[in-house]
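Have a go at each task before reading its solution.

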Amino acid sequence: MTKKILTEHINVPGIDTFDVYRQQGGYTAVEKALKTMTPDEIVEEVKKAGVRGRGGAGFPMGMKWSYLAKPEGVPRYLVCNADESEPGTFKDHYLMKHIPHLLIEGMIVSSFALGANKSFIYVRGELMYVIRILEKAIAEAKAKGFLGKNILGSGYDLELVVQPGGGAYICGEETALLESLEGKRGNPRNKPPFPAVKGLYQCPTVVNNVESIATTSWIINNGGDAYAAIGVGRSTGTKLISASGHMRKPGVYEIELGLPVEDFIYADEWCGGIRPGHKFKALVAGGSSVPILPANLALTLANGEKRLMSYESLSDGGFATGTMLGSGGFILFDETSCIVRNTWNFSRFYHHESCGQCSPCREGTGWMEKVLHRIEHGHGHQHDIDLLVDVSKKIEGNTICPLGDAAAWPVASAIRHFRDEFQWHIDHPTEATQPGAVYRGEMALV
Amino acid sequence: MEDTKPQLLTVTIDGIAVEVEPGTTILQAARKIGPDVAPPAMCYYQPLKGSGGKCRACLVRVAAGSAKDPRPMPKLVASCLTAVQDGMVVENTTNPQVIDARNGIVEFLLLNHPLDCPVCDQAGECDLQNFAFDHGKATTRYEEDRRTFEKKDIGPYIQLHMTRCILCYRCVYTADQITEKRVHGVLGRGDASEIGTYIEKAIDNDFSGNVIDVCPVGALTDKTYRFKNRVWFTKPVDAHRNCPTCSGKVTLWYRGDEVIRVTARKNEWNEVTEFICNTCRFETKKTSDWIIEGPTKVSRSSVISANKYRADLEKPSFGKRLAAAEYKPIHDERDMSQLNIQQLPPERFAKTLPSAVEPEP
């Protein structure tokens with residue numbers, strides 16, 4: 001069994017209530033932090049832990065905290081990004097639904113560390129029932145004196161607000177989230193200035209993912225060094241992986257970073273292997289926006305070593321032979337899945353979710369979707385593949401926020417690794433448009 | 001006194017060094033050098049706070065961040081928002097990556113643009129037209145249907161053509177910052193987002209007409225000028241009047257003796273310096289209402305003023321020669337574009353010629 005930090009008590013009946021959570025050792029981090037530690041010590045512990053942002057970008061959390069500007073007389077805010085809407089990622093949802101107090105405890109500790117007296121949890125609008133669970137948990141914590149004025153007699157006040165979003169993917173981008181939280185249209189802001197300097201209501205703000213914030217209470221209880229001991233290299237700690245697709249046991253798993261991808265897929269403890277009678281074709285390792293990898297490259301690095309579930313190992317080889325850990329949306333495809341159709345589906349999502357603010361993304365995502373739709377439905381031209389690559393290159397890196405990159409990478413990588421399949425769709429439109437038709441040519445199945 | 005003066009920063013753009021005050025953006029620094037170096041701006045509008053960063057037409061490469069930290073910036077940056085640092089080296093037209101990105105932006109902007117320049121009132125003073133002429137291609141790779149919108153009537157003075165819109169947000173900022181209450185904004189998202197009033201409602205306030213001037217394309221045009229004439233046949237004249245609500249400083253556009261359009265005065269970057277009220281713009285169209293100051297002397301670099309439309313730049317095709325043979329020219333003084341009065345230096349032609357004229361197959 002690997003170390004479990006977040007999901008250790010998740011199967012305890014009634015863990016979503018304050019009393020059970022407290023019995024299992026909950027809220028000790030709040031007591032420890034508020035009574036014995038200074039905010040700077042907490043930041044230092046988180047820095048030592050080396051925990052990296054779990055929302056997708058993997059930016060070290062302690063570093064992000066230390067960049068927070070601290071001008072006099074200006075409030076600071078902590079915002080928890082629970083707008084998880086990446087296709088293939090459902091870990092935050094799982095965590096908030098089952099063990100809401102873990103997030104609330106983390107929010108109290110983190111807010112104290114950052115000196116924020118009002119913190120927000122921005123939950124995507126589709127998850128209304130999760131919002132109710134969180135609100136109930138907040139009310140419980142408040143009744144027990146862990147939230148509100150003068151928490152545990154330490155003189156520290158914290159108000160925690162749960163804010164439902166409107167259900168736009170773009171509002172998961174931190175600056176768009178802040179705009180949305182301010183009650184405006186969820187358009188990403190131009191950076192700089194970064195939220196750490198001018199964020200919510202033009203005040204210094206830290207935006208962190210649910211999972212990142214949830215880890216802080218363990219770090220306070222056990223120390224940053226203990227956390228850093230888990231994992232491999234600069235990928236410290238554990239990570240929730242939302243496993244889905246053609247595997248025997250899809251679900252949310254907490255793994256120690258550094259676990260080989262092969263073990264994660266085939267071991268009974270986790271995914272339990274590919275569904276019986278089928279072969280492993282492709283893998284999206286970190287949510288729909290990261291590059292897709294064919295089976296052989298997903299399991300091994302370009303030099304033949306085993307690929308590990310860590311930030312560094314998954315991105316080994318750049319985009320030529322690697323991908324990213326992203327938000328941990330682990331989508332597995334067997335040989336019955338059509339990569340063209342899947343790419344079109346991802347592309348359709350990004351077309352629908354583009355905010356429409358900057359031109360490359362607004363126009364480019366729609367264009368890619370239309371071309372992919374055409375190829376998938378048997379109307380592709382020979383030059384369409386090169387066209388897609390060119391369009392994706394013109395979007396990538398030229399947009400305000402990373403949504404443009406997120407839309408471009410799956411298309412570019414699918415063509416990079418599965419070009420034959422696209423070509424087959426264009427060359428054999430009648431065959432390819434049959435119901436359930438999949439490319440059966442040469443490819444690396446495992 | 002000398003102590004209070006801010007120290008000037010030196011920035012090199014395309015090999016030309018210029019000294020600017022701290023806080024200046026790359027775009028402003030480039031504009032200080034001249035129109036040949038200035039990156040195109042489709043959404044940035046200096047008088048409007050918060051504008052810029054959306055069209056990505058002004059992307060440049062920063063080859064060296066500053067004298068202290070001479071590392072290049074990893075991505076292309078929007079020059080309209082990036083502040084200069086001392087010793088910064090910027091590559092604009094000299095970098096193939098920038099040109100490539102810019103070509104891409106034109107292509108993206110034109111994907112859903114109807115290209116109805118022949119019937120568009122903005123033609124001739126359209127930012128997108130100029131931008132497309134410099135960086136666009138004559139052909140398209142886009143085969144799908146262009147997006148369309150339901151027509152919206154936004155009042156007696158302003159014509160909204162949503163299909164032409166490039167979503168620069170300039171009119172939204174104008175509505176926010178110039179007019180009293182915000183009357184319109186952006187609805188929807190992605191390529192379906194549109195400018196409009198939420199409830200079908202006429203835009204009605206004293207300064208609403210300014211959205212026409214700030215619009216870089218023909219999405220918002222003057223209803224009182226609609227289909228009256230082409231811009232290049234009209235003669236701009238500066239004039240002013242005693243207006244109780246605004247500065248009253250305008251440009252009158254004459255056709256013969258008749259004032260057919262009134263706009264605010266624009267500087268050489270097509271930016272309005274002083275916004276005018278609707279009474280001046282739409283209802284004061286007699287010469288006797290105005291005190292004439294003389295012909296407008298601002299040289300703007302547009303497709304027309306650069307004489308890119310000159311017939312002799314291009315070898316006429318057979319069809320054109322045939323049409324020319326059968327066409328009887330009528331002498332009209334309006335044939336000469338009044339915007340051509342101020343000629344641009346000949347280097348500009350030399351630069352645009354080879355790419356602008358493609359050899360006939």
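Two strands count as paired if DSSP finds at least two bridges between them. Keep in mind that this is a predicted model.

**Exercise 1.** Work out how β10 and β13 of chain B pair, and where they sit in their sheet.

*Solution.* Start with the pair itself: strand β10(B), residues 235-240, runs antiparallel to β13(B), with 4 bridges between them. For a landmark, look at B:Val237, which stands opposite B:Pro295 in β13(B). Finally, ignoring direction, neighbouring strands are turned by 35° against each other on average.

**Exercise 2.** Find which elements of chain A give two or more residues to the side touching chain B.

*Solution.* First, the contact count: 22 residues of chain A meet 26 residues of chain B. Next, the elements on the chain A side are α15 (339-353), α16 (359-376) and α17 (384-395). Of these, α16(A) gives the most, with 8 residues. Sorted by class, that side of chain A has 6 nonpolar, 11 polar and 5 charged residues.

**Exercise 3.** Check the radius of gyration of chain A against that of a compact globule.

*Solution.* For 446 residues, a compact globule would come out near 22 Å; chain A has 22 Å, so the two agree. As for burial, 55% of the residues in chain A are buried.

Definitions and conventions. Residues numbered from 1 in each chain as written. Chains lettered and ligands numbered in written order. Predicted model: local features only at pLDDT ≥ 70, side-chain atom pairs only at ≥ 80, totals over all residues. Rg over C-alpha atoms; globule rule 2.2 N^0.38 Å. Buried ≥ 20, exposed ≤ 12 C-beta atoms within 10 Å, placed from the backbone. Contact = placed C-beta atoms within 7 Å. Nonpolar A, V, L, I, M, F, W, Y, C, P; charged D, E, K, R; others polar. Axes fitted to C-alpha atoms, helices over the stretch in contact; angles between N-to-C directions.
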